[in-house]
Amino acid sequence: MSVRDLLAAHVLAQPDPVSAYSLTTGRLWSVVAALVGLVGVAAGGFALVRSRAGRTGGGAARKGAVTALVTGAAGAVIGGWVVAAAEGGPGTGYGIVGGYLALVVGLGAVAVGGLALARLRRQPAPPPRS
């Protein structure tokens with residue numbers, strides 16, 4: 001086998017370049033992680049608004065804060081996993097940019113949910129119903 005044949009085989013064995021618009025597995029996981037993190041930010045925001053309003057029914061606000069903590073942590077973990085598994089930089093199709101975005105959004109959801117939970121704990125307990 002000649003050098004020319006080896007070079008031709010090497011060129012033919014290279015994967016096709018990924019276009020900017022193709023949805024690869026890494027990009028899909030990045031989108032899923034970012035959406036999970038956004039759900040956490042929304043739940044944490046609603047819980048924070050309810051905790052600031054001082055409403056007596058703190059059950060919904062507490063559930064929202066816990067939802068924000070759980071979904072934010074899940075989004076951050078998935079985003080971190082995408083970043084750790086990426087074998088290339090931005091534009092290679094591994095979803096590294098979306099992974100970093102999901103990591104930041106997930107940590108933001110954890111922060112907002114933790115803040116809402118802390119505010120709910122500082123409020124006095126509602127009087128018992130009779």
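**Questions about a predicted helical chain**

Modeller: Gladly! Helix H2 (residues 25-53) gives the largest share of the nonpolar patch, three residues. This is a predicted model, where local features need pLDDT of at least 70, side-chain atom pairs count only at pLDDT 80 or more, and totals for chains, interfaces and linings use all residues. Residues are numbered from 1 along each chain as its sequence is written, and side-chain values use heavy atoms, leaving out hydrogens and water.

Colleague: What makes up the secondary structure of the chain?

Modeller: Four helices and zero strands, in the order α-α-α-α along the sequence. Helices (H or I, at least four residues) and strands (E, at least two) are DSSP runs, numbered from the N terminus.

Colleague: Which residues form the nonpolar patch on the surface, and what makes a patch?

Modeller: The patch consists of Leu 23, Leu 28, Trp 29, Val 32 and Trp 81, with about 510 Å² of accessible area together. Patch residues have over 30% relative accessible area and no salt bridge; like charges are joined within 9 Å, and nonpolar side chains (Val, Leu, Ile, Met, Phe, Trp, Tyr) within 5 Å. A salt bridge puts a side-chain nitrogen of Lys or Arg within 4 Å of a carboxyl oxygen of Asp or Glu. Areas come from the Shrake-Rupley method with a 1.4 Å probe, and for residues only the protein chains shown count as cover.

Colleague: Why does Trp 29 count as partly exposed?

Modeller: Buried means under 20% relative accessible area, exposed over 50%, and partly exposed in between (1.4 Å probe, protein chains only). Trp 29, in helix H2, has 37% relative accessibility, so Trp 29 counts as partly exposed.

Colleague: And why does Arg 27 count as buried?

Modeller: Arg 27 also lies in helix H2, but its relative accessibility is 17%, so Arg 27 counts as buried. Beyond residues up to four places away in sequence, Arg 27 touches several residues, including Val 18, Tyr 21, Gly 91 and Tyr 94. Contact means heavy atoms within 4.5 Å.

Colleague: Which residues are in the largest nonpolar core?

Modeller: Ala 47, Leu 48, Ala 65, Ala 116 and Leu 117. H2 and helix H4 (96-122) each supply at least two residues of this core. Such a core joins buried Ala, Val, Leu, Ile, Met, Phe, Trp, Tyr and Cys residues through side-chain atoms within 4.5 Å.

Colleague: How do you know that the span of H4 agrees with what it should be?

Modeller: The expected span is 1.5 Å times one less than the number of residues. With 27 residues, H4 should span 39 Å, and its end C-alpha atoms are 39 Å apart, so the two agree.
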